[in-house]
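Subject: Structure for your review: aromatic contacts

Dear colleague,

Please find below the structure that I am handing over to you. I would be grateful if you could look through it alongside the notes that follow.

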Amino acid sequence: MSASRSTGTTDAIGPDEDPEPAPAAIPGSRLLAALLDGMDAALCAFDAQGTITHWNREAERILGWSAAEAVGRRGFAGWAVRSADAGDVQGRLLAVMDAPGRQVHEFALLRKDGGRVLVRTQSSGVRGADGKPAGVYCAFSEVHAQIDLERSIALSEALFEDASWGVVLVDVDLRPTVVNAYAARALGGGRTRLLGRPLGELVVQGVEDLEAALQHVLAEGSPTAPAELWVTLRTAEGDRRRCWRSGFLRLASPLAEEPVPLGVGWLFRDVTTAKLAEQDAARLRFRANQLHRAARQAAECEDPMEAATTSLDFALAGFADHVVVDLLEDLAGGERLVRAAATPSDAPGPCLAVSGGPFPVRYGPEHPALQAVERAGTVRAAAPAGAGQDWAVERQWPDGAVHALCAVLRSRGRTLGVVTFLRTASRSAFERTDATYAESVAVRVASAVDLARLAARAGRGDGL
């Protein structure tokens with residue numbers, strides 16, 4: 001009877017059961033051989049006399065000599081190195097036994113087929129149980145492969161330190177895991193503070209497009225061309241709209257048998273200034289072309305007022321949603337603004353002359369059109385937040401107008417009226433460049449209006 005049964009453990013084990021035998025241990029020599037053969041680097045070892053004791057499969061792949069052919073040889077002389085170099089190579093390798101740490105050397109070794117290969121070695125001494133030198137192990141690889149590895153490491157370190165574009169590594173959950181200095185500045189945070197945070201916390205608008213691009217790369221692979229993404233960032237100074245020219249790379253583990261995505265490498269550069277300059281140039285070209293087309297079309301109009309409205313029709317394209325023309329007329333109560341032409345208030349349409357008598361518009365004293373006439377200059381106005389439809393209705397403008405630009409009509413040193421361009425909430429507010437364009441249009445409209453009045457006076461016999 002075993003000791004376990006005599007001590008009362010029979011019930012725990014069972015009357016007819018024996019403990020499971022312990023698994024047989026892998027012999028140390030076989031485990032060592034498996035570890036050596038599984039290494040990515042070539043490895044050989046020498047005893048204290050310089051005899052080769054170990055030789056793995058990577059060493060066989062590089063030089064062509066099998067372990068059976070290499071193990072037991074004394075040094076590399078006569079088979080893996082030229083005779084002229086054998087002494088120097090052997091001396092430098094065995095000298096490592098008495099030196100602390102590792103030493104790096106480069107040797108020209110011979111392949112089994114007679115070719116030469118330059119290898120870089122890392123050697124270190126091995127000491128026995130008594131502390132005395134017992135041999136040397138040497139790991140080596142082809143120099144070009146080592147240089148490629150070093151270049152890859154150097155490139156990675158440079159990208160994540162001093163690159164002139166942003167580099168972000170994003171995991172499969174679309175959270176930043178590594179951020180370089182450029183990207184940290186662009187995203188408005190420190191390099192460590194951005195790690196692990198959802199992109200939606202950093203990007204106010206445009207995050208959907210960015211995440212869609214990252215998910216596409218994870219699923220389909222790297223795109224063939226960079227993409228330009230417009231985003232709005234939340235910063236301490238307020239929201240900033242930026243344009244990033246971005247490239248994406250799907251990252252896969254080199255250690256897996258099948259490609260396993262580790263995330264996405266996202267490289268980008270802020271091109272906002274260049275894109276805005278391109279947009280401004282394209283806008284200027286378009287507006288200049290519209291003015292040219294309007295001038296040619298207006299020249300064919302017999303009625304000067306038709307020429308004025310034609311110019312406004314061309315000006316509206318891509319610029320505003322509505323336009324209103326108010327002219328100064330001498331009425332019984334004095335000189336007042338009278339509605340002369342307008343676009344339809346309920347839907348887009350051409351600018352047409354207003355039919356009916358010369359009834360003055362009921363503008364309040366602070367109306368932007370009156371301010372433009374008083375200043376003889378351009379006035380911009382915008383509805384305050386939450387004003388709704390009342391803002392446009394109070395000013396007798398079409399419903400939905402939230403941005404206004406009033407340009408005065410002047411000809412021959414006199415103010416003839418004012419033209420008002422209106423935008424709905426779907427457009428941005430008028431800017432200074434918009435005012436310049438509106439003034440160019442107003443000059444043409446004013447000339448046509450002045451010609452119409454001169455023609456009307458001539459028709460009445462009032463003279464010029």
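The notes below concern aromatic ring pairs and charges placed over rings.

Please bear in mind that this is a predicted model. With ring centres required to lie within 6.5 Å, the count comes to 15 aromatic pairs. One of these joins Phe 46 and Phe 76: the ring centres are 5.5 Å apart and the planes stand at 80°, so the pair is edge-to-face. Phe 46 belongs to strand 1 (residues 42-47), while Phe 76 is in the loop between helix 5 (67-70) and helix 6 (83-94); the pair thus links distant parts of the chain, 30 residues apart. Both Phe 46 and Phe 76 are buried.

A second example is formed by Tyr 182 and Phe 268, whose centres are separated by 6.2 Å; their planes meet at 65°, so this pair is edge-to-face as well. Tyr 182 lies in helix 8 (residues 181-187) and Phe 268 in strand 11 (residues 261-270), so the contact ties together parts that are 86 residues apart in sequence. Tyr 182 is buried, with a relative accessible area of 17%, and Phe 268 is buried at 1%.

Phe 46 and Phe 76 also belong to a cluster, in which ring pairs link them with Trp 55, Trp 65, Trp 79 and Phe 140. Within this group, Trp 79 has Arg 73 over its face, at 4.8 Å from the ring centre. Elsewhere, the charged end of Arg 423 sits over the ring of Phe 319, 5.4 Å from its centre.

With kind regards

Methods: Residues numbered from 1 in each chain as written. Predicted model: local features only at pLDDT ≥ 70, side-chain atom pairs only at ≥ 80, totals over all residues. Heavy atoms only, no water. Phe/Tyr/Trp six-rings, centres within 6.5 Å; stacked < 30°, edge-to-face > 60°. Helix = DSSP H or I, 4+ residues; strand = E, 2+ residues; numbered from the N terminus. Buried < 20%, exposed > 50% of the residue type's maximum accessible area, 1.4 Å probe, protein only. Lys NZ or Arg CZ within 6 Å of the ring centre and 35° of its normal.
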